[in-house]
Amino acid sequence: MRARCRRCDSALLDIAQPDPHRRADTDRRIAVTQLPAPAEAPTKTILRALQGEAPAVPPVWMMRQAGRYLPEYRATREKAGDFLSLCYNPDLAAEVTLQPIRRYGFDAAILFADILLLPQALGADLWFVTGEGPRLSTITSEEDFARLKPVHAIDETLSPVYETLRILRRELPAETTLIGFAGAPWTVATYMIAGRGTPDQGPAHALKTENRALFEQLLGKITEGTIEYLSRQIEAGAEVVKIFDSWAGSLQGDDFDRYATEPARLITETLKRRYPGIPVIAFPRQAGEAYTRFHQATGADCVALDDSVDAQWAAENVQIHGCVQGNLAPRHMVEGGPALVSETKRIVQAFSKGPHIFNLGHGITPEADPDNVHRMLEAIRS
Ligand code: CP3
């Protein structure tokens, strides 16, 4: 069954087709022409890698680089009161984004926000339980879905995030690339359906089986919201956008192609049409061998590799289609020692013949030792 427009009940042709009442692309083009023209040959190392250059020393940043392992992050979060207040306070969110840049001189800064702000902007209740993680109101019926706000309403909630980006574009060092991000539709849907993180994404798989039309309608709405959210981020100064599909690995076969690859392809294609040249990084975590066809099919400039992927295999099978990012296991940032250095060097070496952005295979954890980040950087750059 096709998704239907909630206002006029016309059929939407595929799960990701935008609402026909959405502001037309022509409106966007006005904003596009106001953006600075992309430089012919970018000087920022990450932008060069994203264009396919193999740099002598790979550029580097870390997922969750602004986070609880840093004492200065914990102090600013305390000042904000709680995590969500920090996300919606542009001055403080910009401050925590800058902290790891000052401390380590990473090649990129990633906007401080969360993938669950979009569901909140669409009308879901969202709160964080200390020590446990996020909680949301659930979407399991047509009635729940009908209560969500229209996509064009998201900016009412998300405008502080765009302000954070504007501050960052002013304050970041000239050589540092600013990355915006959003969750991928499948991963965001797993939280919206279950109302929390789940080990096997069981509730989302159950809805997919029991009411595929509703599941696809939800995915379509998140896809459309993500395109608008990332468009506003680019207009506010994001130079690269990243799509986090943390739970892509639980989609098998056709489901992977339909619900991980296809939304990422559509988001990438639409953003590149609106903002020619905008680089996209996609992270279908735990995709395994499907990383290869995902990289080819989505048109993303770079795929981020989790730490279960063998670097040598990825160099031969994934990096041949374009830039890769990753894939050091985050536990090395806790454990340190000779393995941190040897693993870092092994990954740099494995990807040295093509475009590579050094990163972890997933976010740095709160238990990480901040000094280990210096050790990692030394191993990359020496
Ligand atoms: O990477 C960065 O430094 C940018 C900021 C960022 C955060 N979350 C901040 C954050 C980014 C890119 C995310 C993405 C995100 N958020 C993902 C996708 C990536 C991944 O980790 O798989 C997901 C699934 C979420 C949802 C989310 N947010 C969960 C499940 C949790 C709780 C788990 C935890 O680590 O506590 C969060 C909270 C969160 N998001 C924190 C941070 C720094 C910790 C909040 C705190 O300060 O207490």
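For "domain: Uroporphyrinogen decarboxylase (URO-D)", an unreviewed UniProt entry lists residues 59-68 and 179-195; UniProt positions follow the numbering used here, feature names are shortened, and annotations may be inferred rather than shown by experiment. The structure is a predicted model, in which local features need pLDDT of at least 70 and side-chain atom pairs count only at pLDDT 80 or more, while totals for chains, interfaces and linings use all residues. Residues are numbered from 1 along each chain as its sequence is written, and side-chain values use heavy atoms, with hydrogens and water left out.

Residues 59-68 are 0% helix and 0% strand, with the end C-alpha atoms 23 Å apart. Residues 179-195 are 59% helix and 29% strand, and here the end C-alpha atoms lie 27 Å apart. Helices (H or I, at least four residues) and strands (E, at least two) are DSSP runs, numbered from the N terminus.

The largest pocket holds about 1400 Å³ of space. A pocket is an open set of points on a 1 Å grid over the protein atoms alone, where a 1.4 Å probe fits, with protein on both sides within 12 Å along at least five of seven lines. Points are joined across faces, edges and corners, and the volume is the space filled by probe spheres set on the points. The lining comprises 42 residues, of which Arg64, Arg68, Phe83, Asp114 and Phe128 lie nearest the pocket centre; lining residues have an atom within 4 Å of a point. Two or more lining residues come from each of α3 (71-80), α4 (83-87), β2 (126-129) and β3 (133-136), and β3 gives the largest share, 3 residues. By class, the lining has 22 nonpolar, 12 polar and 8 charged residues (nonpolar: Ala, Val, Leu, Ile, Met, Phe, Trp, Tyr, Cys and Pro; charged: Asp, Glu, Lys and Arg; polar: the others, Gly among them).

Most residues other than glycine have a negative phi, and most peptide bonds are trans. Arg64, in the loop between α2 (45-50) and α3, has a positive phi near 60°. Arg64 is exposed, with a relative accessible area of 53% (buried is under 20%, exposed over 50%, partly exposed in between; 1.4 Å probe, protein chains only). Gln286 also has a positive phi, of about 65°, and is found in the loop between β6 (280-284) and α13 (290-298). Gln286 is partly exposed, with a relative accessible area of 41%. A cis peptide bond, with omega about -5°, joins Gly326 and Asn327; Asn327 lies in strand β8 (residues 323-328).
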